Amino acid sequence: DPCPVHPQAMASNVTNKTDPRSLNSRVFIGNLNTLVVKKSDVEAIFSKYGKIVGCSVHKGFAFVQYVNERNARAAVAGEDGRMIAGQVL
């Protein structure tokens with residue numbers, strides 16, 4: 001069982017691949033309170049929709065890269081409008 005302390009257990013920071021399959025399985029998370037919400041939090045919230053292969057957090061937004069498009073669609077449906085750290089996603 002990988003321990004979260006070890007970097008290899010974390011998703012990579014790569015969410016900018018431009019091939020169509022990658023684009024379709026990527027989720028943009030806007031209006032994110034990134035002063036409070038960290039990469040590990042984003043992964044914890046969104047990992048219930050499928051295996052995350054990439055996650056990148058930027059100022060005010062994040063991207064999550066899933067293995068497939070079905071996971072991405074489920075994540076969008078499940079988390080759109082959710083309140084996290086006082087902001088609606």
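Predicted model: local features only at pLDDT ≥ 70, side-chain atom pairs only at ≥ 80, totals over all residues.

Biologist: How many helices and strands does the protein have?

Modeller: There are three helices and five strands. Along the sequence they are arranged as α-β-α-β-β-α-β-β.

Biologist: And what share of the residues is buried?

Modeller: Of the 89 residues, 37% are buried. The accessible surface is about 5,500 Å², and carbon and sulfur atoms account for 58% of that area.

Biologist: Which residues have the most contacts inside the largest nonpolar core?

Modeller: That core has 18 residues, and the ones with the most contacts inside it are Ile29, Leu32, Val42, Phe46, Ile52, Val64 and Tyr66. Two or more core residues come from each of strand 1 (26-29), helix 2 (39-46), strand 2 (52-58), strand 3 (61-66) and helix 3 (69-79).

Biologist: Take Val42. What is it in contact with, leaving aside neighbours within four places in sequence?

Modeller: Val42 then touches Ile29, Leu32, Val37, Cys55, Val57 and Val64.

Biologist: Changing topic: do strand 2 and strand 3 run parallel or antiparallel?

Modeller: They run antiparallel, with six bridges joining them.

Biologist: Lastly, what fraction of the contacts between residues at least 6 apart joins residues at least 24 apart?

Modeller: The figure is 62%.

Technical notes:
Residues numbered from 1 in each chain as written. Heavy atoms only, no water. Core = buried A, V, L, I, M, F, W, Y, C linked by side-chain atoms within 4.5 Å. Buried < 20%, exposed > 50% of the residue type's maximum accessible area, 1.4 Å probe, protein only. Helix = DSSP H or I, 4+ residues; strand = E, 2+ residues; numbered from the N terminus. Contact = heavy atoms within 4.5 Å. Pairing = 2+ DSSP bridges. Areas by Shrake-Rupley, 256 points an atom, 1.4 Å probe, with all protein chains shown as cover.
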